[in-house]
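Try each task before you read its solution.

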Amino acid sequence: MTSANIQKPSGWVRFKTQLRRQGIASWVALVVMLAVALTWLFPLYMAVINAVKTPLDFIQHGSLSLPQGIHFDAIIKFSEDVNFGEKVWNSIQISFFIALIGVVISFLNAYALGIGKVKGRMVILAIFMIAFTIPQEGLIYPLYQAATAVGLYDSIWSVIIVNAILMSAFGTYMLSSVLSTFPEEILEAAKIDGAGSARMLFNIVLPIIRPTIMVLATLFFIWSWNDFLFPLVLLPSNDNQTVALALGVTTGQWTSDPTTKAAAALVGLLPSVIFFVIFQRTLMRGVAVGAVK
Amino acid sequence: MAASTAVAGKRKNHKDESKKAYYWYLVPGFLAFLVVVMGSFFFNVVMSFSKWDGFSKPEWIGTQNYTDLLSDPDFAVSFLHAGEFILAMAIIPTFLGLLLGALIFDLIQPKFGNAISTFIRGALFMPQIVPLTVSGVLWIWLLSPNQGVINMTLNAWHLNALAVNWLGDARWALIAISIMLVWIQMGYTTVIFISGMSRLDPSLTEAAQIDGAGWFQRFRVIIVTQLAPEISVVLLTTTVAALKLFGPIYVMTNGGPGNATQVPSSFTFFNYFTTFKIGYASAASTVLSVILVVLAIVIQRVQNREAK
């Protein structure tokens, strides 16, 4: 490599190659990227430092200065006003059941399509694929009417059932493509040993595919946590609101006090950020799996 | 002879039966799916041919809603805005994501290790997992005209002329929301491109280095061409996301001021739940659905072609 560089003395390119070898290019990239990363975190940082200020501190020193002291008044006041603990509990229940039911349905579907290779599977997969492209607006009014008709309007189960089924369209699509590459020899060996399809599902396929299922469950949980339109329409009463919904619809109802607004943003961000820190690896893997199989 | 065909037939039957057993696993999921998703969609399409307020008896008016939509300037303008959000959510993040992803993967990770590159990726990705409505609340506060962080900063730098009423001024609202959307989307594109780069054959880069190619040349020739599958998929999925955009618009401007930030979803929502023009809203959401389904089929084709 070094000799190749010497043989090619064309000025600018060689200069750049040298730069690279000395690592200057890497240092420049590092400075640029750290600046970008800090810019990206800046809104979050602003929410943190202003949420703990007193209104007086904010008026005197503005938003950019560090707080004079740490006060949790605004955070506590906002959390109590919107009953934030209840919203978090609602979001946890809804997201948990969507992830659970969604993953079970996805897995059963994918087992038939990817392992069973049943007839017509390409058509069925295409239908599922099209389904998760339909915008929520194209379904919401009939779902609202149906939820009212069966008595699930304003029950968290309406959102759970609808989202679990809708997300399982994506899950089926993703798991089927993973399962269709499942090693044939393992399945054949199990069949020769006399294992039926149900035993194969539990004892052979499920243990091997479990990491992918966990990625899928994490994605479903996050999507449910962040979902807005279905809860907005199907969960009108205060007691059933999710975190995403509570923050979305109460905007402007609070005081115009900027520290309370910062506190609201911070309180809304917090569960997601905690979740992100814990599941960062799974999530990033999930994003890549979801985009390019 | 006759006996052997009978045996073969029997065996074939047996095999078919064992395959048929798998259909049972599909029954609960597919039935629920047909009823809830396909049923709703079908009902929505049917309603698009009616005039209905949601309570009284619907009146069948044929394709009237669709012809009305075609001549409704608000509907046309909502797609124009969606087009501008495609720039903010799909095109800019794809371009920057490739560049930043390459910087991280090619220059930072090898020299400074995983901890720093994970931190940078994490910082960029963080807005992706926050509910869009929470991001909306955060940015309303950052962008607020008098006490917002952005205008306070601009004033501190004596750039008072730039400290406009971001969300309250029809000329700026679209741009203000676009800035937030770039902030949200960058992590998605960057993370996908980095994971794509890790599957590239390192000997390609080495060969280019030996040939004396500069960094940017290598970026253009190797990374961009080799990542073509990821790029096309990311562009299409983010375009779909841009066309579906609803939460931030509803929270931040509700389509306003006037209809300066109206998008197809907020237009539809307004007609469903504010003016109760259910038939009209159904027609609008059907048009959007058809556009998105066509895009989905294109994604499918692209993925299949890349897989071959």
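**Exercise 1. Find which group K77(A) pairs with, and how far apart the two residues sit along their helix.**

Step 1: the side chain of K77(A) forms a salt bridge with that of D81(A), at 2.9 Å from N to O. A salt bridge here is a side-chain nitrogen of Lys or Arg within 4 Å of a carboxyl oxygen of Asp or Glu.

Step 2: K77(A) and D81(A) are about one helical turn apart, because they lie 4 residues from each other in helix α5 (residues 73–82) of chain A. Helices are DSSP runs (H or I, at least four residues), numbered from the N terminus.

Step 3: over all chains, the search finds 4 salt bridges.

A note before you go on: this is a predicted model, where local features need pLDDT of at least 70, side-chain atom pairs count only at pLDDT 80 or more, and totals for chains, interfaces and linings use all residues. Residues are numbered from 1 along each chain as its sequence is written, chains are lettered from A and ligands numbered from 1 in the order written, and side-chain values use heavy atoms, without hydrogens and water.

**Exercise 2. Describe the interface of chain B and chain A.**

Step 1: count the contacts (heavy atoms within 4.5 Å). Chain B brings 89 residues and chain A brings 99.

Step 2: look at the area. About 8500 Å² is buried between the two chains, with 78% from carbon and sulfur atoms; buried area is the accessible area (1.4 Å probe) lost on being put together, summed over both parts. On the chain B side, Y22(B), Y25(B) and W141(B) lose the most area, together 10% of what that side buries.

Step 3: ask which helix leads. The largest share of chain B's side, 21 residues, comes from α4(B).
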